[in-house]
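Hi,

Please have a look at the model first and then read on.

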Protein chains: 2
Amino acid sequence: MAQSGDERDKAPRTARGERTRRALLAAAAEEFGEKGFHEGSISGITRRAGCALGSFYTYFDTKDDIFRALVADMSGQVRDYVAPRIAQARDGIDAERLGLLSFLEFARGHKEIYRIIDEAEFVDQAAYRNHYESTAARILVRLQEAAARGEVGAEPDEVHAWAIMGMNVFLGLRFGVWDDSRPAEEVAGIVNGLIERGIGASGRD
Amino acid sequence: MAQSGDERDKAPRTARGERTRRALLAAAAEEFGEKGFHEGSISGITRRAGCALGSFYTYFDTKDDIFRALVADMSGQVRDYVAPRIAQARDGIDAERLGLLSFLEFARGHKEIYRIIDEAEFVDQAAYRNHYESTAARILVRLQEAAARGEVGAEPDEVHAWAIMGMNVFLGLRFGVWDDSRPAEEVAGIVNGLIERGIGASGRD
(Lines give C-alpha, C1' and ligand atoms only; values in the text may rest on other atoms or scores of the structure.)
Protein backbone atom coordinates (compact mmCIF):
# COMPACT_ATOMS: atom_id res chain seq x y z
CA MET A 1 0.00 0.00 0.00
CA ALA A 2 2.91 2.34 0.71
CA GLN A 3 4.50 1.52 -2.65
CA SER A 4 5.69 4.68 -4.37
CA GLY A 5 3.73 5.51 -7.52
CA ASP A 6 0.89 3.19 -6.57
CA GLU A 7 -1.76 4.08 -9.12
CA ARG A 8 -4.48 4.27 -6.47
CA ASP A 9 -2.59 7.02 -4.68
CA LYS A 10 -2.91 9.31 -7.69
CA ALA A 11 -6.30 8.38 -9.11
CA PRO A 12 -8.67 11.36 -9.03
CA ARG A 13 -11.26 11.14 -6.26
CA THR A 14 -13.64 13.82 -7.55
CA ALA A 15 -15.25 14.75 -10.88
CA ARG A 16 -13.22 17.95 -10.83
CA GLY A 17 -10.04 15.93 -10.29
CA GLU A 18 -10.97 13.66 -13.18
CA ARG A 19 -11.45 16.74 -15.41
CA THR A 20 -8.01 18.05 -14.43
CA ARG A 21 -6.40 14.67 -15.13
CA ARG A 22 -8.13 14.55 -18.53
CA ALA A 23 -6.99 18.12 -19.31
CA LEU A 24 -3.41 17.08 -18.48
CA LEU A 25 -3.64 14.03 -20.77
CA ALA A 26 -5.05 16.14 -23.62
CA ALA A 27 -2.25 18.67 -23.09
CA ALA A 28 0.32 15.85 -23.04
CA ALA A 29 -1.05 14.56 -26.37
CA GLU A 30 -0.44 18.05 -27.84
CA GLU A 31 2.96 18.50 -26.20
CA PHE A 32 4.36 15.06 -27.12
CA GLY A 33 2.61 15.02 -30.51
CA GLU A 34 4.27 18.32 -31.42
CA LYS A 35 7.67 18.07 -29.72
CA GLY A 36 8.15 14.36 -29.16
CA PHE A 37 8.89 12.77 -25.80
CA HIS A 38 12.47 13.96 -25.43
CA GLU A 39 11.79 17.62 -26.19
CA GLY A 40 8.42 17.67 -24.45
CA SER A 41 8.32 18.86 -20.83
CA ILE A 42 6.08 18.75 -17.79
CA SER A 43 6.00 22.56 -17.68
CA GLY A 44 4.93 22.56 -21.36
CA ILE A 45 2.09 20.21 -20.45
CA THR A 46 0.84 22.24 -17.47
CA ARG A 47 1.08 25.46 -19.53
CA ARG A 48 -1.08 23.93 -22.27
CA ALA A 49 -3.52 22.55 -19.69
CA GLY A 50 -3.66 25.93 -17.97
CA CYS A 51 -2.97 24.45 -14.55
CA ALA A 52 -0.32 24.76 -11.87
CA LEU A 53 2.74 22.53 -11.78
CA GLY A 54 1.56 21.15 -8.46
CA SER A 55 -1.60 19.78 -10.12
CA PHE A 56 0.58 17.66 -12.39
CA TYR A 57 2.16 15.92 -9.41
CA THR A 58 -1.25 15.31 -7.88
CA TYR A 59 -2.01 12.93 -10.75
CA PHE A 60 1.35 11.85 -12.21
CA ASP A 61 4.84 11.13 -10.84
CA THR A 62 7.08 11.81 -13.82
CA LYS A 63 7.15 12.62 -17.54
CA ASP A 64 7.49 8.87 -18.20
CA ASP A 65 4.44 8.27 -16.04
CA ILE A 66 2.13 10.64 -17.96
CA PHE A 67 3.50 9.35 -21.27
CA ARG A 68 2.63 5.76 -20.27
CA ALA A 69 -0.85 6.92 -19.17
CA LEU A 70 -1.25 8.79 -22.46
CA VAL A 71 -0.41 5.70 -24.57
CA ALA A 72 -2.94 3.64 -22.60
CA ASP A 73 -5.49 6.46 -22.91
CA MET A 74 -5.08 6.84 -26.70
CA SER A 75 -5.20 3.07 -27.14
CA GLY A 76 -8.46 3.09 -25.18
CA GLN A 77 -9.82 6.07 -27.13
CA VAL A 78 -9.32 4.24 -30.45
CA ARG A 79 -10.97 1.13 -29.03
CA ASP A 80 -13.92 3.11 -27.66
CA TYR A 81 -14.37 5.03 -30.93
CA VAL A 82 -14.27 1.93 -33.11
CA ALA A 83 -16.26 -0.52 -30.93
CA PRO A 84 -19.78 1.00 -31.28
CA ARG A 85 -19.28 1.32 -35.07
CA ILE A 86 -18.27 -2.33 -35.35
CA ALA A 87 -21.30 -3.31 -33.26
CA GLN A 88 -23.53 -2.05 -36.11
CA ALA A 89 -21.95 -4.38 -38.69
CA ARG A 90 -24.09 -6.66 -40.87
CA ASP A 91 -21.61 -9.53 -40.38
CA GLY A 92 -18.03 -10.35 -39.45
CA ILE A 93 -16.59 -9.14 -42.75
CA ASP A 94 -18.53 -5.87 -42.61
CA ALA A 95 -17.21 -5.47 -39.05
CA GLU A 96 -13.67 -5.25 -40.43
CA ARG A 97 -14.79 -2.67 -43.01
CA LEU A 98 -16.34 -0.54 -40.27
CA GLY A 99 -13.26 -1.10 -38.10
CA LEU A 100 -10.96 0.39 -40.77
CA LEU A 101 -13.46 3.10 -41.73
CA SER A 102 -13.84 4.33 -38.17
CA PHE A 103 -10.09 4.04 -37.54
CA LEU A 104 -9.41 6.22 -40.60
CA GLU A 105 -11.87 8.78 -39.22
CA PHE A 106 -10.21 8.64 -35.81
CA ALA A 107 -6.72 9.05 -37.30
CA ARG A 108 -7.88 12.04 -39.36
CA GLY A 109 -9.21 13.69 -36.21
CA HIS A 110 -6.23 12.71 -34.01
CA LYS A 111 -3.20 12.98 -36.25
CA GLU A 112 -0.87 12.96 -33.24
CA ILE A 113 -1.76 9.33 -32.43
CA TYR A 114 0.96 7.84 -34.62
CA ARG A 115 3.76 9.94 -33.18
CA ILE A 116 2.67 9.07 -29.65
CA ILE A 117 2.07 5.33 -30.02
CA ASP A 118 5.12 4.89 -32.25
CA GLU A 119 7.36 6.77 -29.85
CA ALA A 120 6.31 4.32 -27.14
CA GLU A 121 8.49 1.78 -28.99
CA PHE A 122 11.43 3.79 -27.64
CA VAL A 123 10.08 5.27 -24.42
CA ASP A 124 7.96 2.42 -23.07
CA GLN A 125 8.28 -0.83 -25.00
CA ALA A 126 5.73 -2.61 -22.75
CA ALA A 127 3.04 -0.01 -23.50
CA TYR A 128 3.84 -0.27 -27.21
CA ARG A 129 3.55 -4.06 -27.28
CA ASN A 130 0.44 -3.98 -25.15
CA HIS A 131 -1.31 -1.59 -27.55
CA TYR A 132 -0.70 -3.81 -30.58
CA GLU A 133 -1.12 -7.15 -28.82
CA SER A 134 -4.47 -6.13 -27.35
CA THR A 135 -5.66 -4.68 -30.68
CA ALA A 136 -4.71 -7.89 -32.53
CA ALA A 137 -6.34 -9.99 -29.82
CA ARG A 138 -9.64 -8.10 -30.28
CA ILE A 139 -9.49 -8.64 -34.06
CA LEU A 140 -8.85 -12.37 -33.58
CA VAL A 141 -11.85 -12.71 -31.22
CA ARG A 142 -14.05 -10.92 -33.79
CA LEU A 143 -12.86 -13.28 -36.53
CA GLN A 144 -13.43 -16.35 -34.35
CA GLU A 145 -16.95 -15.21 -33.46
CA ALA A 146 -17.65 -14.55 -37.15
CA ALA A 147 -16.28 -18.00 -38.09
CA ALA A 148 -18.57 -19.58 -35.47
CA ARG A 149 -21.50 -17.82 -37.18
CA GLY A 150 -20.30 -19.15 -40.56
CA GLU A 151 -19.35 -15.68 -41.86
CA VAL A 152 -15.64 -16.40 -42.15
CA GLY A 153 -14.58 -19.42 -44.15
CA ALA A 154 -10.89 -19.48 -43.25
CA GLU A 155 -9.83 -20.87 -39.87
CA PRO A 156 -9.07 -17.63 -37.97
CA ASP A 157 -5.42 -17.44 -37.05
CA GLU A 158 -3.33 -14.90 -35.16
CA VAL A 159 -1.66 -14.28 -38.54
CA HIS A 160 -4.96 -12.99 -39.99
CA ALA A 161 -5.42 -10.67 -37.02
CA TRP A 162 -1.91 -9.17 -37.30
CA ALA A 163 -2.33 -8.88 -41.09
CA ILE A 164 -5.59 -6.94 -40.73
CA MET A 165 -4.15 -4.72 -37.99
CA GLY A 166 -1.05 -4.04 -40.10
CA MET A 167 -3.17 -3.02 -43.08
CA ASN A 168 -5.23 -0.70 -40.89
CA VAL A 169 -2.18 0.93 -39.27
CA PHE A 170 -0.48 1.69 -42.59
CA LEU A 171 -3.66 2.76 -44.36
CA GLY A 172 -4.38 5.06 -41.41
CA LEU A 173 -0.91 6.58 -41.74
CA ARG A 174 -1.08 6.99 -45.52
CA PHE A 175 -4.77 7.90 -45.98
CA GLY A 176 -5.53 9.30 -42.54
CA VAL A 177 -2.53 11.26 -41.30
CA TRP A 178 -0.31 12.02 -44.31
CA ASP A 179 -3.03 12.73 -46.87
CA ASP A 180 -6.71 12.65 -46.08
CA SER A 181 -7.99 13.64 -49.53
CA ARG A 182 -9.25 10.20 -50.53
CA PRO A 183 -12.72 9.28 -49.22
CA ALA A 184 -12.35 6.94 -46.24
CA GLU A 185 -15.32 4.88 -47.52
CA GLU A 186 -13.42 4.20 -50.75
CA VAL A 187 -10.24 3.08 -48.97
CA ALA A 188 -12.19 0.86 -46.57
CA GLY A 189 -14.23 -0.56 -49.46
CA ILE A 190 -11.18 -1.63 -51.47
CA VAL A 191 -9.60 -3.33 -48.46
CA ASN A 192 -12.85 -5.00 -47.50
CA GLY A 193 -13.14 -6.47 -50.99
CA LEU A 194 -9.76 -8.08 -50.42
CA ILE A 195 -10.76 -9.37 -46.98
CA GLU A 196 -14.20 -10.57 -48.06
CA ARG A 197 -12.82 -12.66 -50.92
CA GLY A 198 -9.72 -13.52 -48.90
CA ILE A 199 -11.31 -15.00 -45.79
CA GLY A 200 -15.07 -14.66 -46.24
CA ALA A 201 -17.35 -17.70 -46.26
CA SER A 202 -18.15 -17.49 -49.98
CA GLY A 203 -14.53 -17.13 -51.04
CA ARG A 204 -13.62 -20.61 -49.79
CA ASP A 205 -13.33 -23.81 -51.78
CA MET B 1 30.03 22.52 -55.66
CA ALA B 2 31.31 24.18 -52.52
CA GLN B 3 28.07 23.36 -50.69
CA SER B 4 28.79 22.03 -47.21
CA GLY B 5 27.81 18.41 -46.74
CA ASP B 6 27.64 17.75 -50.48
CA GLU B 7 27.42 13.99 -50.67
CA ARG B 8 30.10 13.77 -53.35
CA ASP B 9 32.64 15.37 -51.02
CA LYS B 10 32.39 12.45 -48.61
CA ALA B 11 31.81 9.48 -50.91
CA PRO B 12 34.64 6.93 -50.58
CA ARG B 13 37.08 7.05 -53.51
CA THR B 14 38.78 3.68 -52.87
CA ALA B 15 37.70 0.11 -52.06
CA ARG B 16 39.34 0.51 -48.64
CA GLY B 17 37.37 3.70 -48.08
CA GLU B 18 34.17 1.91 -49.05
CA ARG B 19 34.97 -0.85 -46.52
CA THR B 20 35.50 1.73 -43.77
CA ARG B 21 32.23 3.47 -44.64
CA ARG B 22 30.40 0.12 -44.55
CA ALA B 23 32.03 -0.76 -41.20
CA LEU B 24 30.80 2.57 -39.81
CA LEU B 25 27.25 1.91 -41.06
CA ALA B 26 27.25 -1.59 -39.55
CA ALA B 27 28.51 -0.14 -36.26
CA ALA B 28 25.83 2.58 -36.42
CA ALA B 29 23.14 -0.10 -36.86
CA GLU B 30 24.39 -1.77 -33.65
CA GLU B 31 24.78 1.50 -31.74
CA PHE B 32 21.39 2.98 -32.68
CA GLY B 33 19.66 -0.42 -32.59
CA GLU B 34 20.82 -0.93 -29.01
CA LYS B 35 20.78 2.58 -27.56
CA GLY B 36 18.44 4.50 -29.86
CA PHE B 37 19.34 7.71 -31.68
CA HIS B 38 19.37 10.03 -28.67
CA GLU B 39 21.59 7.87 -26.47
CA GLY B 40 23.76 6.66 -29.34
CA SER B 41 27.00 8.57 -30.01
CA ILE B 42 29.59 9.02 -32.73
CA SER B 43 32.32 7.80 -30.36
CA GLY B 44 30.22 4.68 -29.65
CA ILE B 45 30.04 4.07 -33.39
CA THR B 46 33.76 4.49 -34.05
CA ARG B 47 34.57 2.27 -31.03
CA ARG B 48 32.33 -0.52 -32.39
CA ALA B 49 33.79 -0.06 -35.88
CA GLY B 50 37.33 -0.12 -34.46
CA CYS B 51 38.34 3.03 -36.25
CA ALA B 52 39.54 6.50 -35.32
CA LEU B 53 37.15 9.40 -34.76
CA GLY B 54 38.74 11.18 -37.73
CA SER B 55 37.63 8.37 -40.06
CA PHE B 56 34.03 9.09 -39.12
CA TYR B 57 34.32 12.66 -40.33
CA THR B 58 35.93 11.51 -43.56
CA TYR B 59 32.61 9.90 -44.50
CA PHE B 60 29.92 11.61 -42.43
CA ASP B 61 29.29 15.11 -41.11
CA THR B 62 27.15 14.52 -38.04
CA LYS B 63 25.22 11.90 -36.05
CA ASP B 64 22.10 12.92 -38.01
CA ASP B 65 24.01 12.42 -41.23
CA ILE B 66 25.06 8.82 -40.50
CA PHE B 67 21.58 8.04 -39.17
CA ARG B 68 20.04 9.25 -42.44
CA ALA B 69 22.58 7.19 -44.41
CA LEU B 70 21.81 4.16 -42.23
CA VAL B 71 18.05 4.38 -42.88
CA ALA B 72 18.67 4.58 -46.63
CA ASP B 73 21.15 1.72 -46.36
CA MET B 74 18.79 -0.59 -44.41
CA SER B 75 15.94 0.27 -46.77
CA GLY B 76 18.21 -0.71 -49.67
CA GLN B 77 19.37 -3.88 -47.89
CA VAL B 78 15.78 -5.10 -47.48
CA ARG B 79 15.04 -4.30 -51.13
CA ASP B 80 18.19 -6.09 -52.33
CA TYR B 81 17.51 -9.14 -50.13
CA VAL B 82 13.89 -9.48 -51.23
CA ALA B 83 14.22 -8.64 -54.97
CA PRO B 84 16.06 -11.78 -56.18
CA ARG B 85 13.65 -13.99 -54.20
CA ILE B 86 10.66 -12.31 -55.80
CA ALA B 87 12.25 -12.72 -59.22
CA GLN B 88 11.90 -16.51 -58.80
CA ALA B 89 8.12 -16.35 -58.27
CA ARG B 90 5.74 -18.48 -60.34
CA ASP B 91 3.35 -15.54 -60.73
CA GLY B 92 2.33 -12.21 -59.28
CA ILE B 93 0.56 -13.73 -56.27
CA ASP B 94 3.48 -16.04 -55.49
CA ALA B 95 5.72 -12.97 -55.71
CA GLU B 96 3.92 -11.48 -52.70
CA ARG B 97 4.32 -14.76 -50.78
CA LEU B 98 8.06 -14.75 -51.47
CA GLY B 99 8.19 -11.04 -50.63
CA LEU B 100 6.78 -11.67 -47.15
CA LEU B 101 8.75 -14.88 -46.65
CA SER B 102 12.07 -13.25 -47.47
CA PHE B 103 11.18 -10.15 -45.42
CA LEU B 104 10.45 -12.38 -42.40
CA GLU B 105 13.86 -14.02 -42.89
CA PHE B 106 15.52 -10.61 -43.19
CA ALA B 107 13.81 -9.29 -40.04
CA ARG B 108 14.84 -12.40 -38.09
CA GLY B 109 18.45 -11.81 -39.11
CA HIS B 110 18.34 -8.02 -38.60
CA LYS B 111 16.16 -7.47 -35.57
CA GLU B 112 17.46 -3.90 -35.19
CA ILE B 113 15.74 -2.82 -38.42
CA TYR B 114 12.45 -1.87 -36.75
CA ARG B 115 14.04 0.31 -34.09
CA ILE B 116 16.09 2.12 -36.72
CA ILE B 117 13.44 2.69 -39.39
CA ASP B 118 10.76 3.48 -36.81
CA GLU B 119 12.99 5.98 -35.03
CA ALA B 120 13.40 7.81 -38.35
CA GLU B 121 9.79 8.93 -37.85
CA PHE B 122 11.19 11.19 -35.11
CA VAL B 123 14.74 11.84 -36.28
CA ASP B 124 14.31 12.19 -40.03
CA GLN B 125 10.69 12.22 -41.19
CA ALA B 126 11.69 12.48 -44.88
CA ALA B 127 13.80 9.29 -44.69
CA TYR B 128 10.92 7.54 -42.91
CA ARG B 129 8.35 8.52 -45.53
CA ASN B 130 10.73 7.73 -48.35
CA HIS B 131 11.31 4.19 -47.05
CA TYR B 132 7.60 3.38 -46.93
CA GLU B 133 6.58 5.31 -50.04
CA SER B 134 9.24 3.62 -52.16
CA THR B 135 8.39 0.17 -50.73
CA ALA B 136 4.67 0.66 -51.47
CA ALA B 137 5.49 1.98 -54.96
CA ARG B 138 7.47 -1.21 -55.72
CA ILE B 139 4.54 -3.38 -54.55
CA LEU B 140 2.10 -1.40 -56.71
CA VAL B 141 4.32 -1.84 -59.81
CA ARG B 142 4.50 -5.60 -59.14
CA LEU B 143 0.70 -5.80 -58.84
CA GLN B 144 0.21 -3.78 -62.03
CA GLU B 145 2.61 -6.01 -63.97
CA ALA B 146 0.83 -9.09 -62.59
CA ALA B 147 -2.56 -7.64 -63.56
CA ALA B 148 -1.26 -7.01 -67.09
CA ARG B 149 -0.30 -10.71 -67.24
CA GLY B 150 -3.81 -11.64 -66.01
CA GLU B 151 -2.55 -12.95 -62.66
CA VAL B 152 -4.32 -10.35 -60.56
CA GLY B 153 -8.05 -9.91 -61.04
CA ALA B 154 -8.57 -6.78 -58.98
CA GLU B 155 -7.63 -3.40 -60.47
CA PRO B 156 -4.35 -2.70 -58.62
CA ASP B 157 -4.69 0.35 -56.42
CA GLU B 158 -2.31 2.19 -54.11
CA VAL B 159 -4.62 0.97 -51.31
CA HIS B 160 -3.70 -2.67 -52.10
CA ALA B 161 0.00 -1.82 -52.04
CA TRP B 162 -0.20 -0.08 -48.66
CA ALA B 163 -2.38 -2.90 -47.29
CA ILE B 164 0.17 -5.54 -48.33
CA MET B 165 3.08 -3.50 -46.98
CA GLY B 166 1.24 -2.95 -43.69
CA MET B 167 0.60 -6.68 -43.29
CA ASN B 168 4.25 -7.44 -43.99
CA VAL B 169 5.56 -4.82 -41.55
CA PHE B 170 3.40 -6.03 -38.66
CA LEU B 171 3.89 -9.73 -39.40
CA GLY B 172 7.65 -9.06 -39.52
CA LEU B 173 7.46 -7.37 -36.10
CA ARG B 174 5.29 -10.07 -34.51
CA PHE B 175 6.69 -13.21 -36.18
CA GLY B 176 10.17 -11.97 -37.10
CA VAL B 177 11.45 -9.72 -34.32
CA TRP B 178 9.33 -10.39 -31.20
CA ASP B 179 8.93 -14.15 -31.57
CA ASP B 180 10.50 -16.15 -34.36
CA SER B 181 9.26 -19.59 -33.25
CA ARG B 182 6.60 -19.98 -35.93
CA PRO B 183 7.86 -21.23 -39.32
CA ALA B 184 8.11 -18.28 -41.73
CA GLU B 185 6.71 -20.49 -44.53
CA GLU B 186 3.55 -21.05 -42.49
CA VAL B 187 3.01 -17.34 -41.78
CA ALA B 188 3.64 -16.41 -45.43
CA GLY B 189 1.35 -19.23 -46.59
CA ILE B 190 -1.61 -18.07 -44.49
CA VAL B 191 -1.26 -14.49 -45.71
CA ASN B 192 -0.82 -15.57 -49.30
CA GLY B 193 -4.07 -17.55 -49.12
CA LEU B 194 -5.81 -14.33 -48.13
CA ILE B 195 -4.12 -12.37 -50.94
CA GLU B 196 -4.65 -15.07 -53.58
CA ARG B 197 -8.37 -15.28 -52.92
CA GLY B 198 -8.54 -11.56 -52.21
CA ILE B 199 -7.04 -10.16 -55.41
CA GLY B 200 -6.00 -13.18 -57.50
CA ALA B 201 -7.44 -13.77 -60.96
CA SER B 202 -9.51 -16.82 -59.93
CA GLY B 203 -10.97 -15.10 -56.88
CA ARG B 204 -12.83 -12.54 -58.98
CA ASP B 205 -16.47 -12.60 -60.02
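Let me start with the polar contacts: between chain B and chain A there are six residue pairs in polar contact, with both residues at pLDDT 80 or more. By polar contact I mean a pair of N or O atoms within 3.5 Å; within protein, one must be able to donate a hydrogen and the other to accept it, and residues adjacent in sequence count only if both atoms are side-chain atoms.

Before the rest, the ground rules. This is a predicted model, where local features need pLDDT of at least 70 and side-chain atom pairs count only at pLDDT 80 or more, while totals for chains, interfaces and linings use all residues. Residues are numbered from 1 along each chain as its sequence is written, chains are lettered from A and ligands numbered from 1 in the order in which they are written, and side-chain values use heavy atoms, with hydrogens and water left out.

Now the interface as a whole. Chain B gives 40 residues to the contact and chain A gives 40 residues, where contact means heavy atoms within 4.5 Å. The copies meet through the same surface, because 100% of the interface residues of chain B are also interface residues in chain A. About 3,800 Å² is buried between the two chains, 69% of it on carbon and sulfur atoms; this is the accessible area (1.4 Å probe) that two parts lose on being put together, summed over both. On the chain B side, B:Phe170, B:Trp178 and B:Arg197 lose the most area to chain A, together 20% of what that side buries.

The rule also finds four salt bridges across the interface, each a side-chain nitrogen of Lys or Arg within 4 Å of a carboxyl oxygen of Asp or Glu. In one salt bridge, the side chains of A:Arg174 and B:Glu158 meet at 2.9 Å, N to O.

The side chains of A:Glu158 and B:Arg174 are joined by a polar contact of 2.9 Å. Leaving aside residues up to four places away in sequence, A:Glu158 touches A:Leu140, B:Arg174, B:Phe175 and B:Arg182.

Finally, the symmetry: a rotation of 180° with 0.0 Å of shift along its axis superposes chain B on chain A, with RMSD 0.0 Å (least squares on the C-alpha atoms of residues with pLDDT of at least 70 in both). The two copies are thus related as by a two-fold rotation axis.

Best wishes
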